[in-house]
Amino acid sequence: MKTRFSPSPTGQMHLGNVRTALFSFLFARHENGLFLLRVEDTDKTRSKPEFIQLLQDDLKWLGLQWDEGPFFQSQRQDIYNEYYAYLEEHQAVYPCFCNDEQLALSRKIQISSGQPPRYMGTCRKLSSTEIDAKIKQGLKPTLRFKVPEDKEIHFQDIVKGPQRFRTDDIGDFIIRRSDGSASFFFCNAIDDSLMGVTHTIRGEDHLSNTPRQILILNTLNLPIPSYGHLPLILSEEGSALSKREGSLSLESLRTEGYLPSAIHNYLGRLGHYYEKNNFMTLTELAENFLGSHIGKTPAHFDQTQLYHWQKLAVMQSHDDSFWQWLNTSTQKLIPKDHRKQFIELMRPHVLFPIEAEKWAKIFYKDIILDQQAKDCLKQSGENFLGLLKEAIEKMGADYAQVTQTLSQQSGLKGKALFQPLRIALTGETSGPELHGIFNLLGKDGLLEKIKTSI
């Protein structure tokens with residue numbers, strides 16, 4: 001088996017095409033097959049070098065290492081030209097001189113009359129003399145593929161099952177632009193076949209391209225891969241996924257602090273069913289990935305689920321990887337001999353590095369008491385902070401003895417005791433376990449916090 005991921009470098013990778021890359025990778029790895037990377041950069045206007053580098057960096061960060069490539073379509077024009085020549089020789093194509101305005105008007109008329117928009121074959125009937133005359137006028141034609149009339153194209157979609165298309169609904173389509181570059185329909189199909197791709201996994205927005213590409217490959221006597229078309233990812237309300245709801249770039253997710261394993265586990269289940277719902281490594285996800293378990297209906301983005309897998313990913317992280325995950329500014333705040341305790345204290349309580357930085361500032365810089373915190377301390381009694389200070393001076397950072405003594409001397413219990421204690425040490429009403437904070441700060445650190453609160 002060989003699958004591929006073939007992005008266009010016209011923007012950043014987002015959740016939709018990341019899922020396509022992941023599914024293609026998992027599908028291949030499940031069968032001990034190959035995963036190929038091809039950059040479809042024939043759109044000279046929109047393709048940017050920075051996006052080419054970024055998509056490779058994104059895939060490497062995700063751990064989706066390709067076995068072949070990257071290949072660049074912009075470097076394969078000579079190959080496409082050979083197949084254009086073959087099609088021209090066999091009269092399977094013809095030059096088209098229709099401009100955008102003519103085509104738009106034709107589509108508008110067809111749609112208004114309830115017909116599927118398709119090219120009407122205007123230039124298919126041009127004689128060689130008429131073609132030569134237009135070329136002499138300086139007109140640069142596109143090249144259209146002659147779609148056979150009254151035929152049916154059928155194939156077995158890996159995801160959607162049996163598919164049938166009538167050629168009369170397709171119309172002749174462009175396979176070479178007027179500037180001589182290859183169209184998506186053409187070079188995408190040619191490359192899949194020549195590169196030995198056995199299974200093409202892509203979004204369902206490409207489903208209508210498939211019969212066209214089958215026609216091309218059949219005419220050229222080239223092997224045809226199996227196709228699988230993934231349903232769209234929708235928002236929780238059922239609309240197209242917007243940037244605000246999760247169609248974020250992978251770069252932005254990485255910058256925010258999402259871990260690759262969280263994205264693996266979330267996207268791996270977004271439109272694919274796993275019998276076990278436990279946290280899995282990339283290898284385990286591949287071992288249990290089945291094409292028959294890919295859903296046929298649109299998947300719904302769920303921010304809560306993404307947070308869930310991020311939480312598990314953070315909990316699964318080793319100390320070294322957790323430390324590297326933190327912001328550099330956070331690392332600078334934490335004394336070297338506190339590093340392990342800080343990691344153990346933070347791991348169950350943070351989703352993102354910015355949250356850990358907040359606590360590092362609380363522990364190792366001055367705490368800030370808002371009015372609500374000040375009111376809570378006042379309600380605990382005028383001598384509460386003094387009693388707390390005395391208990392720590394006598395008993396150090398022994399959490400059990402300090403809280404027992406403080407309770408006996410203040411008369412406070414439960415929330416009435418522990419909330420002002422937490423506020424006195426952190427300025428917050430919730431957060432990591434108090435006994436962990438005692439162990440982290442030690443006697444001197446605790447006394448410094450109480451001094452600030454007083």
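The largest nonpolar core of this predicted model has 88 residues, and those touching the most other members are Leu26, Leu59, Leu64, Phe342, Met346 and Phe363. A nonpolar core here is a set of buried Ala, Val, Leu, Ile, Met, Phe, Trp, Tyr and Cys residues joined through side-chain atoms within 4.5 Å. Buried stands for under 20% relative accessible area, exposed for over 50%, and partly exposed for values in between, with a 1.4 Å probe and protein chains only. Apart from neighbours within four places in sequence, Met346 is in contact with Phe322, Ala356, Trp359, Phe363 and Pro432, where contact means heavy atoms within 4.5 Å. A second, separate core has 27 residues, including Ala92, Val93, Ile153 and Ala189.

The model is predicted, with local features needing pLDDT of at least 70 and side-chain atom pairs counted only at pLDDT 80 or more, while totals for chains, interfaces and linings use all residues. Residues are numbered from 1 along each chain as its sequence is written, and side-chain values use heavy atoms, with hydrogens and water left out.

**The sheet S4-S5-S8**

Helices (H or I, at least four residues) and strands (E, at least two) are DSSP runs, numbered from the N terminus. Three strands form an open sheet in the order S4-S5-S8, with antiparallel pairing. Strands S4 (93–96) and S8 (173–176) are at the edges and have a single partner strand each, so one side of each is left without a neighbour in the sheet. From one strand to the next, the twist averages 45 degrees. Angles run from 0 to 180 degrees between N-to-C directions, and axes are lines fitted to C-alpha atoms, for helices over the stretch in contact.

Helix H3 (residues 77–89) packs on this sheet and touches S4, S5 and S8; the direction of H3 makes about 130 degrees with that of S8. Strand S5 is covered on both faces: Thr142 and Arg144 lie on one side, Leu143 and Phe145 on the other, and all are buried.

Two strands pair if DSSP finds at least two bridges between them.

| Strand pair | Bridges |
|---|---|
| S4 and S5 (residues 142–145) | 4 bridges |
| S5 and S8 | 3 bridges |
| S6 (residues 152–157) and S7 (residues 161–166) | 6 bridges |

Cys96 stands opposite Thr142 in S5, and Tyr94 has Arg144 of S5 as its bridge partner. Phe145 stands opposite Phe173 in S8.

**The hairpin S6-S7**

S6 and S7 are joined by a hairpin through 3 residues. In this pair, Phe155 stands opposite Gln163 of S7. Strand S6 has a covered face made of Ile153, Phe155 and Asp157, and an uncovered face made of Glu152, His154 and Gln156.

Asp192 lies in helix H6 (residues 184–194). With a relative accessible area of 0%, Asp192 is buried. Beyond its neighbours within four places in sequence, Asp192 is in contact with Arg4, Arg38, Val197, Thr200 and Pro225.

His199 belongs to strand S9 (residues 199–203). His199 counts as buried because its relative accessibility is 18%. Leaving out neighbours within four places in sequence, the contacts of His199 are Met1, Lys2, Thr3, Arg4, Phe27, Ile158, Pro225 and Ser226. Between His199 and Ile263 there are 64 residues of separation in sequence and 23 Å in space, C-alpha to C-alpha.

Helix H7 (residues 209–219) has 9 of its 11 residues buried, so H7 is largely enclosed by the rest of the structure. The buried residues of H7 are Asn209, Thr210, Pro211, Arg212, Gln213, Ile214, Leu215, Ile216 and Leu217. Just after H7, Asn221 takes a positive phi of about 60 degrees.

Helices H17 (residues 384–395) and H18 (residues 399–410) pack at an angle of about 140 degrees, and their axes are 9 Å apart. On the H17 side the contact is made by Phe384, Leu387, Leu388, Ala391, Ile392 and Met395, and on the H18 side by Gln401, Val402, Thr405, Leu406, Gln409 and Ser410. These residues divide into 8 nonpolar, 4 polar and no charged. Here Ala, Val, Leu, Ile, Met, Phe, Trp, Tyr, Cys and Pro count as nonpolar, Asp, Glu, Lys and Arg as charged, and the others, Gly among them, as polar. In an α-helix there are 3.6 residues a turn, so residues three or four places apart point the same way.
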